[in-house]
Amino acid sequence: MGPVMIPSVILWHLFFFVSFVIEGISGHVSSWVNAHATFYGANLSPSTLGGACGYDNTIHAGFGVNTAAVSGALFRGGEACGGCYQVMCDYKIDPKWCLRGGVVTVTATNFCPSNNNGGWCDPPRHHFDMSMPAFLHIARQGNEGIVPILYTRVSCRRRGGVHFTLRGQGNFNLVMISNVGGSGDVRGAFVRGSRTRSWVPMHRNWGANWQGNVDLRGQTLSFKLNLVDGKLLQFFNVVPSSWRFGQTFASKTQSS
């Protein structure tokens with residue numbers, strides 16, 4: 001009996017099945033979810049606005065151009081900010097507009113609001129409104145503007161350390177946290193000043209901005225972050241006592 005020839009379509013599906021399993025092992029996520037994706041922006045210029053997450057500039061924040069606004073079912077009141085998702089177009093459902101094998105990893109940097117009138121971001125729908133550069137990784141240019149997708153949570157791969165941007169005025173302290181690796185999304189944050197004996201819990205003011213209820217002026221600052229995936233990150237003395245509102249400081253690594 002001669003060699004058995006396997007149809008190319010079967011090989012293609014087998015390749016992506018193996019890829020899903022590998023990503024599930026390395027990225028701590030094992031399931032893919034059906035959703036839809038649209039795009040915003042009329043050209044290939046990168047997005048610079050972080051919208052509901054509060055990132056002034058998604059590139060400077062460490063997220064690059066592959067970003068997305070996510071529907072409320074995913075946004076979770078801002079907890080999703082900074083989280084990473086691997087997205088692929090569902091070629092089996094829409095072979096006309098989906099790019100076969102096209103996959104992209106996007107960071108959640110904004111909120112796609114509901115219009116309460118059957119919109120794609122209405123609950124309980126899972127939806128990604130992607131930047132144009134990210135969208136063109138998975139769909140053909142000139143398409144009808146919406147495609148079916150599959151997505152899964154993956155670990156974020158960041159360059160450099162975590163960024164802490166000091167905001168506020170007087171004794172009102174607000175810290176915007178960005179460029180976080182791992183799951184990327186922060187569930188809890190704590191701060192400790194050089195004159196503070198213990199960790200002080202912070203609460204989410206909005207998006208990626210965390211508020212502290214202690215006067216931290218003139219103190220060297222340390223931070224502790226609890227990520228959605230359960231990891232604990234600690235950053236000691238990452239902000240010098242000479243800090244001023246508006247400045248951004250970065251840790252040396254992602255887990256110092």
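These exercises work through strands and disulfides in a predicted model.

**Exercise 1. The barrel**

Task: Find the order in which the strands of the closed barrel run, and describe how β2 and β4 pair.

Solution: 
- Step 1. Recall the general rule. Strands of a sheet pair through backbone hydrogen bonds, either parallel or antiparallel.
- Step 2. Follow the strands around. Six strands make a closed barrel in the order β1-β5-β2-β4-β3-β6. The pairing in this barrel is mixed. On average, neighbouring strands of the sheet are turned by 45 degrees against each other, direction ignored.
- Step 3. Pick out one pair. Strand β2 covers residues 67-71 and strand β4 covers residues 103-112. They pair in the parallel sense, over five bridges.
- Step 4. Check one position. Thr67 stands opposite Thr107 in β4.

**Exercise 2. Strand β8 and its partners**

Solution: 
- Step 1. Arg167 has Leu174 in β8 as its bridge partner.
- Step 2. Look at the connection. β7 and β8 form a hairpin with two residues between them. In the turn, Gly170 has a positive phi of about 60 degrees.

**Exercise 3. The disulfides**

Task: Count the disulfides, then find the handedness of Cys53–Cys81, Cys89–Cys98 and Cys112–Cys121.

Solution: 
- Step 1. Recall the bond. A disulfide is a covalent bond between the sulfur atoms of two cysteines.
- Step 2. Count. The whole structure holds four disulfides. With the bonded cysteines numbered in sequence order, they pair 1-2, 3-8, 4-5, 6-7.
- Step 3. Take Cys53 and Cys81. Their sulfur atoms lie 2.1 Å apart. The S-S torsion is about -90 degrees, so this disulfide is left-handed. Cys53 sits in the loop between β1 and β2, and Cys81 in the loop between α2 and β3, 28 residues apart.
- Step 4. Take Cys89 and Cys98, with S to S 2.0 Å. Their torsion is about -60 degrees, so this bond is left-handed. Cys89 counts as buried because its relative accessibility is 2%. Cys98 counts as buried because its value is 0%.
- Step 5. Take Cys112 and Cys121, with S to S 1.9 Å. Their torsion is about 90 degrees, so this disulfide is right-handed. Cys112 and Cys121 are buried.

How values were computed. Residues numbered from 1 in each chain as written. Predicted model: local features only at pLDDT ≥ 70, side-chain atom pairs only at ≥ 80, totals over all residues. Heavy atoms only, no water. Pairing = 2+ DSSP bridges. Helix = DSSP H or I, 4+ residues; strand = E, 2+ residues; numbered from the N terminus. Axes fitted to C-alpha atoms, helices over the stretch in contact; angles between N-to-C directions. Disulfide = S-S within 2.5 Å. Buried < 20%, exposed > 50% of the residue type's maximum accessible area, 1.4 Å probe, protein only.
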